[in-house]
Amino acid sequence: MDQQVKFNTDLIKRYDVAGPRYTSYPTAVQFIEGFDANAYRRYTTASNNELIPKPLSVYVHLPFCHSLCYYCGCTKKVTRHAEQGVRYLELLNLEIEMQGKLFDKDREVEQLHFGGGTPTFHTDEQMSVLMAQLNRHFALSDSDTREYSIEVDPRTVGNDRLAKLAELGFNRISLGVQDIDPKVQQAVNRIQDPQATLDMVDGSRKLGFNSVSIDLIYGLPHQTSDSFGKTIDTVVAVKPDRLAVYNYAHMPHIFRAQRMINADDIPSPEIKLELMELTIRKLTDAGYVYIGMDHFALPEDELTIAQKEGHLQRNFQGYSTRRQCDLVGLGVSAIGKVGDCYAQNQKDIPSWQNAVSDGRLPIWRGVCLTTEDRLRRGIIESIMCHGEVHFDDFEANFDIDFNDHFALELGHLQQLEKDGLLKTTESGFIATPEGRLLLRAIAMNFDEYLHTKQSKVPRFSRVI
Ligand code: SF4
């Protein structure tokens with residue numbers, strides 16, 4: 001596919017609607033509480049009984065943080081009480097044991113991700129115990145091709161702790177930076193020394209980590225093109241393999257922490273557009289490839305290669321390369337994807353704790369995909385990952401005539417084509433370089449649920 005991208009201010013303004021990020025389809029809004037642990041077990045059993053069972057990807061949610069970042073929309077618990085983390089890990093060990101029993105032991109864990117919260121809230125010793133427990137109940141991989149990643153808060157980790165993480169088997173890190181400007185850091189209550197953070201990129205390479213990703217956010221209070229340009233230049237100078245540059249979506253009615261941000265200090269939509277354009281220009285000039293949504297990667301990175309070769313996937317961490325895996329979610333609020341179901345754990349710590357301490361799988365809700373869901377998931381994933389859809393990829397597998405089945409949706413795409421977001425042919429459609437920045441506006445046309453059950457309060461973020 002063509003990985004070119006082109007910024008078009010008018011188009012972005014016109015298509016700046018609130019919409020899902022499609023880390024799953026159906027999205028989490030469609031998960032239902034009637035989907036319980038028994039339903040989940042049926043899918044795990046069926047996944048073991050497949051002719052060739054899939055390898056596993058395991059996500060572990062560690063929700064504790066030492067302090068509150070005011071922009072935060074994650075499921076987390078801010079505390080200074082280390083004993084809360086100890087209790088959580090004890091119960092997590094029980095959940096690992098329960099979930100481990102559901103999957104055959106020869107199903108290798110090709111991909112492991114520790115996210116949060118702040119995974120490095122926990123001590124090295126606690127991390128060792130956690131990895132040992134995972135190793136006891138799942139077939140952790142020691143292959144060089146494994147992808148074992150951890151989100152690292154540079155305020156809690158130096159190069160000494162990084163060495164320990166490498167020893168435990170992690171070979172990828174993701175560093176939260178967001179912005180290096182002191183005034184911005186102050187306004188979002190996340191003060192961190194930029195140099196110490198950037199030194200970790202070098203440190204991690206020396207320790208053998210084969211991928212470093214850095215997260216930035218644009219649209220934070222007091223950001224200007226000048227200040228954010230400096231942040232990007234500083235980060236690009238150390239050449240991380242991947243960059244995720246998120247748009248700050250101010251939704252204080254949903255995320256309480258954001259009430260601490262003074263809305264008057266947030267850049268106007270015009271400035272946010274400038275910041276977005278600046279980000280794309282600076283990163284592509286520096287040699288990064290735009291993958292989609294908020295993600296950029298070096299040309300030789302696996303994400304870029306997976307996109308070129310057509311096997312990129314969208315999942316709860318954004319974009320990922322291991323399309324062939326079943327995903328096991330562990331810990332509070334974690335979401336798994338096994339066969340054709342999604343299953344989410346209890347979203348608040350007390351409910352999750354109650355279930356696990358009673359010896360019950362802490363499944364809160366989920367969804368079993370219908371054939372129509374699977375068809376639409378495939379189309380939406382193809383748009384989000386590759387910016388294109390080939391009708392014949394779906395016609396044979398789902399026994400449909402694409403033009404008949406999606407006559408309404410294809411009719412809607414005509415306006416997008418007129419506006420320059422995509423080009424259609426007889427056998428499919430492809431996003432233009434301008435349309436690649438508006439992939440979700442294209443994907444939303446194939447979301448069957450979007451127009452049937454809209455809440456009055458916006459649940460989804462906008463592009464700007
Ligand atoms: S942004 Fe990360 S470190 Fe900050 S409060 Fe949220 S989860 Fe914790």
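Predicted model: local features only at pLDDT ≥ 70, side-chain atom pairs only at ≥ 80, totals over all residues.
Which residue stands opposite leucine 243 in strand 11?

**Entry one: the strands.** I found phenylalanine 296 of strand 11 standing opposite leucine 243. Strand 11 covers residues 295-297, and its pairing with strand 9 is antiparallel, over three bridges. I then looked at another partner of strand 9: strand 8 (residues 211-218) runs parallel to strand 9 (residues 242-247), and six bridges join them. Here I noted isoleucine 217 opposite tyrosine 246, which belongs to strand 9. To get from strand 8 to strand 9, I followed the chain through helix 8 (residues 225-236), and this β-α-β crossover turned out to be right-handed.

**Entry two: the domains.** I looked up how the protein is divided, and found domain 1 (1-26 + 369-464) and domain 2 (32-330). Their centres, taken over C-alpha atoms, are 26 Å apart. Where they touch, I have 21 residues of domain 1 in contact with 23 residues of domain 2. On the domain 1 side, helix 1 (9-14) and helix 12 (371-386) each supply at least two residues. Helix 12 gives the largest share of that side, with four residues. I also sorted the domain 1 side by class: eleven residues are nonpolar, six polar and four charged.

**Entry three: the ligand.** Which residues surround the ligand? My list has Cys65, Leu68, Cys69, Cys72, Cys74, Lys76, Gly116, Gly117, Thr118 and Asp153. By class, I wrote down five nonpolar, three polar and two charged residues for this shell.

Methods:
Residues numbered from 1 in each chain as written. Near = placed C-beta within 6 Å. Nonpolar A, V, L, I, M, F, W, Y, C, P; charged D, E, K, R; others polar. Domains from an automatic or database assignment. Contact = placed C-beta atoms within 7 Å. Pairing = 2+ DSSP bridges. Right-handed = clockwise from strand over helix to strand, strands pointing away.
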